[in-house]
Amino acid sequence: MTIKICVVDQFDKEESDRLIKENLESLSVFIPSWEYLTEGDPNFKKEVKQVRVAAFDGDELVGLSWGRGESKTRFLMQMSLVIESHRGRGIYKSMLKMMLAQTREFDEIDSFHNAFNNKIIAAKLKAGFHIIGLDNSYEVGTRIRMRYFNNQQLMKIMSFRMGLTDKPL
């Protein structure tokens, strides 16, 4: 059966929660820390573009990826997953390609990954992402920050900062 990759307005909450629980929470490195957040400032509002990409095998949701604008120039990919039985078929690569196509208006696309998630880090590097940092998170512990550049001038400057070229522009 052919896998259908498409942009969706929303994920079915019950189905996406199940996929997250089965594919992320079952890993010893993942803790769903959002469950422990306080209410925060009830007056805070931030209207941003959100993109949700889904992979369906027939009617079954087998992969999801979503993100949102962090600013008018930067988009953050929040989460992506493909269920275990469908990994290794290029689904993640197809979802990533669609996500990048949907976020061309942003100068930069950022994502964070557990430092030991080698398959996804390699896929992102092959797609043109660069490793730009390292930090810690509640969800996965030590993670790598990666960035994709739609803005080639910023890419040239970052290449200079990474020691890949002698001149910034």
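User: Which residue in S2 stands opposite lysine 4?

Analyst: This is a predicted model, in which local features need pLDDT of at least 70 and side-chain atom pairs count only at pLDDT 80 or more, while totals for chains, interfaces and linings use all residues. Residues are numbered from 1 along each chain as its sequence is written, and side-chain values use heavy atoms, without hydrogens or water. Strand S1 (residues 3-7) pairs with S2 in the antiparallel sense over five bridges, where pairing requires at least two DSSP bridges. Within this arrangement, the residue opposite lysine 4 in S2 is phenylalanine 56.

User: How many bridges join S2 to strand S3?

Analyst: Strand S3 covers residues 60-69 and runs antiparallel to S2, and here glutamine 50 stands opposite arginine 68 in S3. The hairpin of S2 and S3 has two residues between the strands, and glycine 58 takes a positive phi near 70° in that hairpin. The bridges joining S2 to S3 number eight.

User: How many residues of S2 are buried?

Analyst: Strand S2 spans residues 50-57 and is mostly covered; buried here means under 20% relative accessible area and exposed over 50%, with partly exposed in between (1.4 Å probe, protein chains only). Of its eight residues, the number buried is six.

User: Within what arc do the buried residues of H2 fall?

Analyst: Helix H2 (residues 91-101) has Ile91, Tyr92, Met95, Leu96, Met99 and Leu100 buried. Seen down the axis of H2, these buried residues line one face of the helix, whereas Lys93 and Lys97, on the other side, are exposed. Taken from the directions between the helix axis and the C-beta atoms, the arc is 165°.

User: What pattern does the chain follow along its sequence?

Analyst: The chain has four helices and seven strands, these being DSSP runs numbered from the N terminus (helices H or I, at least four residues; strands E, at least two). Of the 169 residues of the chain, 37% count as buried, and its C-alpha atoms fill a box of roughly 50 × 45 × 30 Å along the principal axes. Read along the sequence, the pattern is β-α-β-β-β-α-β-α-β-β-α.

User: With which side chain does arginine 147 make a polar contact?

Analyst: Arginine 147 lies in strand S7 (residues 141-149) and counts as buried at 6% relative accessibility. Not counting residues up to four places away in sequence, arginine 147 touches Arg74, Glu108, Ile109, Asp110, Gly128, Phe129, His130, Ile132 and Met158, a contact being heavy atoms within 4.5 Å. A polar contact is a pair of N or O atoms within 3.5 Å; within protein, one must be able to donate a hydrogen and the other to accept it, and residues adjacent in sequence count only if both atoms are side-chain atoms. At 2.6 Å, the partner side chain is that of aspartate 110.

User: What is the length of the polar contact between the side chains of lysine 124 and histidine 113?

Analyst: Lysine 124 is placed in helix H3 (residues 118-126) and is buried, with a relative accessible area of 1%. Leaving aside neighbours within four places in sequence, lysine 124 is in contact with Met77, Tyr92, Leu96, Ser111, His113, Phe129 and Met146. The polar contact that joins the side chains of lysine 124 and histidine 113 has a length of 3.0 Å.

User: What distance separates the C-alpha atoms of lysine 124 and arginine 147?

Analyst: Phe129 is among the residues in contact with lysine 124, and Phe129 is also one of those that arginine 147 touches. Lysine 124 and arginine 147 are 23 residues apart along the chain, and their C-alpha atoms are separated by 9.0 Å.
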